[in-house]
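Subject: structure handover

Hi,

Here is the structure I promised to pass on. My notes on what turned up in it follow below.

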Amino acid sequence: MKVSVFVPSHITGFFSIANDDNPAKKGSCGAGVLLDKGVLTTIKSSRKENKVEIKINGKKDIKNETISIKTLELIKKDFKIEEGLKINQNIEVPVGSGFGTSASSALGVAIAFFKSANINISLESASQYAHRAEIELKSGLGDVIGQTSKGIVLRKKPGAPGFGEVESVKNENELDNIYVITKTLGKIDNDSILGNPTFQKRINGIGFDILKKFMINPNIENFLKYSLEFAKKTKLINEDVLEIVNEMNKHTLGASMAMLGNTAFAFSTNPDYDIEGSIISKIDNNGIKIF
């Protein structure tokens, strides 16, 4: 059986880290936005028993297939995977640059596997395997639960789906005409930030304060405002990204840095506004799609 799953990419504007010995409760609080460009995962069985073949954007990609392999390893501990699998993933946004592509990949694999194997399991339960894979590989904290929502997403309680809590902060009709412009300058190693005690302390102190202010009046304007405040106060934004953000702010509703990646993002009502090398998306109000 062949199954395809689209998972929107997720840009975090601000966050705080929640450590816990239980991986299902470990994660982050904060806010982010889902984009209509993401990761499309297709799984079908093959004749090669227990053999998993993964291609990313049509090629073998040993580094970026790691999250998918880890997700399947976790699933194998609870369910038998006897058939061979062919997995194709089309990633529409830059990897390692603040779009949550590892979470999109893990989620796509988990959901598509259970659907293709005709195993009756809830979306929430399938998503928990993706979250655990992210935690074990230290590739992300809150993207998985964010990607199970729609639009602009507030992460109110940390953890995997079923443990954490999220809500969409705006009615989808109010976001229909908003474009998201992104300009990526390169990658950031998440573990170099998330595993650094100095950064963790700074992120949590500033992140908790900003989340409290945002929850008083959660809207588009405040999401953009507080995202930039967070980027500057935590000193996670570098001069090159800040220069692009400042330029974007002159022509858009507001701009900031994607956490964690060397990516500037802006909201705009003008689809024609562009800067060289940018990607233009729309806010995703549909969520995960299964074909």
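Ile67, Ser68, Thr71, Leu72 and Ile75 of α1 touch Ser102, Ser105, Ala106, Val109, Ala110, Phe113 and Phe114 of α2, where contact means heavy atoms within 4.5 Å. Sorted by class, this α1 contact with α2 has eight nonpolar, four polar and no charged residues. For the classes, Ala, Val, Leu, Ile, Met, Phe, Trp, Tyr, Cys and Pro are nonpolar, Asp, Glu, Lys and Arg are charged, and the others, Gly among them, are polar.

Before going further, the ground rules: this is a predicted model, with local features needing pLDDT of at least 70 and side-chain atom pairs counting only at pLDDT 80 or more, while totals for chains, interfaces and linings use all residues. Residues are numbered from 1 along each chain as its sequence is written, and side-chain values use heavy atoms, with hydrogens and water left out.

**Helix packing**

Helix α1 covers residues 66-76 and helix α2 residues 101-116; they pack at an angle of about 40°, with axes 8 Å apart. That makes α1 oblique to α2. Helices (H or I, at least four residues) and strands (E, at least two) are DSSP runs, numbered from the N terminus. Axes are lines fitted to C-alpha atoms, for helices over the stretch in contact, and angles run from 0 to 180 degrees between N-to-C directions. Angles under 35 degrees count as roughly parallel, over 145 as roughly antiparallel, 65 to 115 as roughly perpendicular, and the rest as oblique.

Next is α2 against helix α3 (residues 123-137): their axes come within 8 Å and cross at roughly 140°. That makes α2 oblique to α3. This crossing of α2 and α3 is right-handed. On the α2 side the contact is made by Ser102, Ala103, Ala106, Leu107, Ala110, Ile111 and Phe114, and on the α3 side by Leu123, Ala126, Ser127, Tyr129, Ala130 and Glu134. The class count for α2 with α3 is ten nonpolar, two polar and one charged.

Then there is α1 with α3, at an angle of about 120° and with axes 9 Å apart. α1 and α3 are therefore oblique to each other, and their crossing is right-handed. Thr66, Ile67, Lys70, Thr71, Leu74 and Ile75 of α1 meet Tyr129, Ala130, Arg132, Ala133, Glu134, Glu136 and Leu137 of α3. Here the residues divide into seven nonpolar, two polar and four charged.

At α2 you'll also find Thr101, which counts as buried at 7% relative accessibility. (Buried means under 20% relative accessible area, exposed over 50%, and partly exposed in between, with a 1.4 Å probe and protein chains only.) Leaving out residues up to four places away in sequence, Thr101 touches Val39, Ile91, Val93, Pro94, Val95 and Gly96.

**The core**

The largest nonpolar core has 82 residues, and those with the most contacts inside it are Phe14, Phe223, Phe230, Met248 and Phe267. α2 gives the most to this core, with nine residues. A nonpolar core here is a set of buried Ala, Val, Leu, Ile, Met, Phe, Trp, Tyr and Cys residues joined through side-chain atoms within 4.5 Å.

Beyond four places in sequence, Phe223 touches residues including Gly13, Phe14, Ile152, Phe265 and Phe267. Phe265 sits in strand β9 (residues 262-268) and counts as buried, at 0% relative accessibility. Phe265 and Gly13 are 252 residues apart in sequence and 9.4 Å apart in space, C-alpha to C-alpha.

The peptide bond from Met259 to Leu260 is cis, with omega near 0°; Leu260 lies in the loop between β8 (254-257) and β9.

Two non-glycine residues have positive phi. For Asn57, phi is near 50°; Asn57 is in the loop between β3 (52-56) and α1 and is partly exposed, with a relative accessible area of 42%. For Lys235, phi is near 65°; Lys235 is in the loop between α7 (220-234) and α8 (239-249) and is exposed, at 64%.

Cheers

Conventions:
A crossing is left-handed if the near helix is turned anticlockwise from the far one by less than a right angle, and right-handed if clockwise.
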